[in-house]
Amino acid sequence: FVQSTPAEALEKWIGQGLAAHPALAVLDAKRQQSRQVETISKAALRPEVFAFGSYQFNRDALTVVEPDWIVGVAVRFTLLDRLDRASLIAASRSASSGVEAWQQQMRDDIATLIEKRWRELEQARKRYPQLESSIALAQENVKLREKGFREGLSTSLDLVDARLALARAEIDRAQTARDYVVALAELLAASGQSERFPEFAARADIRIARAQLSGTH
């Protein structure tokens, strides 16, 4: 089958593909994990600051010099740690940068593949009506050769050549329809939308039946 109208815009296909591709989701999760490790490691290096206070309601229990209330601020930080936090931070940053670079490369590769499949789809779609015109001309040529053969104006070889030309045109048309279907399936797969294939197949307005391949009989 072939859909005579153009496919959805390339930008839309790329956007859907980048949003739906499972490999990108996995890499994004790894990047988030690396950032979390970096955040936790940084937090361990920062001092802890906390306030405290108390109030003694039973003032009779206090001596003359003891206050009935007290407030304060304390700071706690680690001098020695079994873990090398700086190395953990550096490793986390390196891992996060590596994942981001890999993620960007994958996004570029996915976008390039989607564009390639989209152009193959459009190429097949545009080629199909051209082959329809070629078939119409080949059919007219067969009629002329048949008439000429009956009237002795054409040879049997001329008639055979005309019929072979018609068969080739019909085969090219069927091949182009097949190329369209394959390109569509690959485009849907590249953009993470393979489940939409029946939808596109159902709304196709051109279908090639086996009986149409008269030239191959």
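How much of the accessible surface of the protein belongs to carbon and sulfur atoms? In this predicted model, the accessible surface comes to about 14500 Å², and 57% of that belongs to carbon and sulfur atoms.

View 1. Welcome to the overall picture. The protein has 217 residues, and 29% of them count as buried. Take the contacts between residues at least 6 apart in sequence: 76% of these join residues at least 24 apart.

**View 2. The largest nonpolar core, a set of 25 residues.** Good residues to look for here are Trp13, Ile114 and Leu121, which touch the most other members of this core. Four helices each supply at least two of its residues: helix 1 (10-20), helix 3 (85-150), helix 4 (156-190) and helix 5 (197-202). Helix 3 contributes the most, giving eight residues to this core. As background, nonpolar side chains in soluble globular proteins tend to be buried together.

**View 3. Ile114 and its contacts from elsewhere in the sequence.** Neighbours within four places in sequence are set aside in this view. What remains in contact with Ile114 includes Leu10, Trp13, Ile14 and Gly17. Leu187, Ala190 and Ser191 are also in contact with Ile114.

**View 4. Another core, of six residues, lying apart from the largest one.** Here you can pick out some of the members by name. Among them are Ile135, Ala138, Val142 and Leu166.

Notes:
Residues numbered from 1 in each chain as written. Predicted model: local features only at pLDDT ≥ 70, side-chain atom pairs only at ≥ 80, totals over all residues. Heavy atoms only, no water. Core = buried A, V, L, I, M, F, W, Y, C linked by side-chain atoms within 4.5 Å. Buried < 20%, exposed > 50% of the residue type's maximum accessible area, 1.4 Å probe, protein only. Contact = heavy atoms within 4.5 Å. Areas by Shrake-Rupley, 256 points an atom, 1.4 Å probe, with all protein chains shown as cover.
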